[in-house]
Number of protein chains: 2
Amino acid sequence: MKGILVIADGLGGRPTDTNGKTCLEAAKTPVIDGLARRGAVGLLDPIGPGIRPGSDTAHLSILGYDPYEIYTGRGVFECLGVDMDVQVGDICFRANFATVEKKDGDLIVVDRRAGRIESGQRDLADALNAISVDVPGVSFEFRASTQHRGALLLRGERLSRHVGENDPHATGTPARPFEALEPGEAAERTAAVLNELTEKSFDALADHPVNVARADAGELPANYVLARGAADCPHIPSIESMYGVRGAVIAGGALYRGVALACGMTPIDVPGATGGLDTDLRAKADAAIRALGEYDYVFVHIKGTDNAGHDQDAEAKRGFIERIDAEFFAPLLERIDAAQTHMAFTGDHTTPIDFGDHTHEPVPVLFAGPNVVPDRVETFDEREAGRGGLGRFSGRVLPMVLGYNNWSPKFGS
Amino acid sequence: MKGILVIADGLGGRPTDTNGKTCLEAAKTPVIDGLARRGAVGLLDPIGPGIRPGSDTAHLSILGYDPYEIYTGRGVFECLGVDMDVQVGDICFRANFATVEKKDGDLIVVDRRAGRIESGQRDLADALNAISVDVPGVSFEFRASTQHRGALLLRGERLSRHVGENDPHATGTPARPFEALEPGEAAERTAAVLNELTEKSFDALADHPVNVARADAGELPANYVLARGAADCPHIPSIESMYGVRGAVIAGGALYRGVALACGMTPIDVPGATGGLDTDLRAKADAAIRALGEYDYVFVHIKGTDNAGHDQDAEAKRGFIERIDAEFFAPLLERIDAAQTHMAFTGDHTTPIDFGDHTHEPVPVLFAGPNVVPDRVETFDEREAGRGGLGRFSGRVLPMVLGYNNWSPKFGS
């Protein structure tokens, strides 16, 4: 038996998306509808009814964990997602290159994404990592990932994740100082390290050759670091330790890759899998098929649906869903042994077009495979999912895929 | 955007209510059915599947809180509901005027509701509040609400909510002594104060002019206080602190008003809103519309359905549901902007006629508004709700109304 979990980020929508229909309803998805016909559908509350999920907490819940118990922040998944060696006690952050302008001693944020810089980030990261901080016993590492994105890890004694962020989440306003969010030396000390480090980041980056070249080309300099999502390393028992099976993850975005790594999956990097709307879906399907030769199950994350939702672009979201149908599911289903595979497809939350951010509503979920009791629903969308044979439930989609494969541990005897 | 949550207390029923139909099924509700047609329905477990709710715990759960975490007893909501200034450390009770008869030194309960006394309660409360208790460092306040109902608050050091009650829940039997329900001085001390206070209540009330006049009129005297539902002040973060929006509550009953106050809503008192079957439903609809001019959302509580259920009067319950349709929803819907409003209608539990008390079954719930994915259900009742597009879920109805309005905080990132 083999298992496949496919999550299209932000898949769910609202009737306001496109003339009374959600993007998923409006999209032509003959292959996915075929899966619905032979399988069963239902409504998934990614975390719980009425709870508006983040992508990280939703993924933890869908993979079988209780985010209320283990989640401390996104930083740790960002660090794991760029293959940093996270150890117990480390404090992790999502970190961005940004563009700031010095004005009367303040660093005014001009662009929180440094003009979505496309090259030179590794050289800039080297310059950052050469900074020496004065707080004794603390070291750090910045690692660049795609575009302006990166991760920051602090290591040392007496550090705390209870610190704020320097990102003002607005432009034309100064970067904020990091603040301690709990009493005691550890949080004060952590905030001090971060303030020193980010202040020195401007000195290290402002006149860096990469930024000199960017200025010559009329591009915004990547001359500052914004950090947020402080987290420490949670204790997450691996899926292998609980179910005795080995899984692989195929995900373009560092956050999702990081969540899956925290759960013990092995990452498979796919050239062309960008974590965006331009991702190579056929390459991901190919990689999933190959992964199933070696692993018991594979988790495939597809990000573009959420990007289109955040961009409030209904046409892009509908079109991308149609591409998932034609370029991911069609080649995938041609090459799996349907009698020996259980598969689930869902989203990690809704990202309606009119709002452009995550909302609380349940998302449609679909299971197919020989052990799934089929229902009468023949198309896969928000409306039909409400009539599905699986009813409405919260989280734990991966444990269900593994369960259909008879791999679940028994609770009790 | 605006939000409306309407709870008809004890709305749900059983096929034994009236010839194979629940009262809600038997009632003609064209306006509510119209809402069902344009919205979506489902089944709500007020607290959780198979859990038989009280009204207070059910309301906490529906408003988005976990009653298992924060609920200690109804007393605090009764005290808040009559606008008492509840402080951390206070011990609160639901308290009734009752009629007792002295017999061989015992106080025999003749009527637990003092003949449902209709006037003079404030004078009797003054007499109670003039009692001095011998336990040092403890003060108290009794406040009368409607008919025999009232609330009692103890303030002082070393008090405990772990005490029993003096209400025997039967007549012809002596009032019970309050007992400490946990070891230690605090519970003993609290029970001692309560025993002293209720014993002295008979002395303070027996020959009170109000009771002399009642005796002359052939009415039962209100000559004793029964107290139950000991509770301390829970820490409840306000809805405004979590969602950033301001709400109003319209509720005739002190308990519901108190629960909403504990959650930070502003009470709007409506003349004619009695918390009974004789309530002025049009006045409540008017008040709700006015409240929406000033507040982001309004919670309207309608009590009569539950009263009819407790009275085991199917005709009264069916008729009252029809009045809710014609006298509350019809004028309300005429005056709201449906494109800018999300609304939910449900009950806080079932109160079937044959049992005359709350039962565990799920209750139908309905959502309508521009962001709700409509289902195919066209009438609102227990049977159709089981076929609804929202499936079955537990609690958190208000967070969903606020979520459809894009007001929810995100858990995770």
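In the predicted model, B:I4 stands opposite B:V298 in β10(B), a position within the pairing of strand β1 (residues 2-8) of chain B with strand β10 (residues 297-302) of chain B. Six bridges join these two strands, which run parallel; two strands are taken to pair if DSSP finds at least two bridges between them. Helices (H or I, at least four residues) and strands (E, at least two) are DSSP runs, numbered from the N terminus. Because the model is predicted, local features need pLDDT of at least 70 and side-chain atom pairs count only at pLDDT 80 or more, whereas totals for chains, interfaces and linings use all residues. Residues are numbered from 1 along each chain as its sequence is written, and chains are lettered from A and ligands numbered from 1 in the order in which they are written.

Strands β1 and β10 of chain B belong to an open sheet of eight strands with mixed pairing, in the order β9-β8-β10-β1-β11-β12-β2-β13. Strands β9 (266-267) and β13 (392-394) of chain B stand at the edges; each has a single partner strand, so one side of each is left without a neighbour in the sheet. Helix α15 (residues 397-404) of chain B packs on this sheet and touches β1, β2 (40-45), β10, β11 (341-346) and β12 (363-368) of chain B. Contact between two residues requires that their C-beta atoms, placed from the backbone, lie within 7 Å. The direction of α15(B) makes about 165° with that of β11(B), where axes are lines fitted to C-alpha atoms, for helices over the stretch in contact, and angles run from 0 to 180 degrees between N-to-C directions.

Strand β2(B) is joined to β12(B) by five bridges, the two strands running antiparallel, and B:L43 has B:P364 as its bridge partner in β12(B). Three bridges join β2(B) to β13(B), and these strands run parallel; here B:D45 stands opposite B:S394. Six of the six residues of β2(B) are buried, so this strand is largely enclosed by the rest of the structure. A residue is classed as buried if 20 or more other C-beta atoms lie within 10 Å of its own, exposed if 12 or fewer, and partly exposed in between, with C-beta atoms placed from the backbone.

In chain A, eight strands likewise form an open sheet with mixed pairing, in the order β9-β8-β10-β1-β11-β12-β2-β13. The edge strands are β9 (266-267) and β13 (392-394) of chain A, each of which pairs on one side only. Five bridges join strand β2 (residues 40-45) of chain A to strand β12 (residues 363-368) of chain A, in antiparallel orientation, with A:L44 opposite A:V363. Elsewhere in chain A, seven bridges join strand β3 (residues 91-103) to β7(A), and the two run antiparallel; A:A95 has A:A227 as its bridge partner. Eight of the nine residues of strand β7 (residues 224-232) of chain A are buried, so β7(A) is largely enclosed by the rest of the structure. By contrast, A:S119, in the loop between β4 (106-111) and α6 (121-129) of chain A, is exposed, with 10 other C-beta atoms within 10 Å.

Helix packing was examined for helix α3 (residues 55-62) and helix α10 (residues 254-262) of chain A, whose axes come within 10 Å and cross at roughly 35°. The crossing is right-handed, a crossing being left-handed if the near helix is turned anticlockwise from the far one by less than a right angle, and right-handed if clockwise. A:S55, A:D56, A:H59 and A:L60 in α3(A) meet A:L255, A:Y256 and A:V259 in α10(A). The residues of this contact divide into four nonpolar, two polar and one charged; Ala, Val, Leu, Ile, Met, Phe, Trp, Tyr, Cys and Pro count as nonpolar, Asp, Glu, Lys and Arg as charged, and the others, Gly among them, as polar.

Between the chains, 30 residues of chain A are in contact with 22 residues of chain B. On the side of chain A that touches chain B, α3 and α14 (382-385) each supply at least two residues, and the largest share, four residues, comes from α3(A). By class, this side has 10 nonpolar, 12 polar and eight charged residues.
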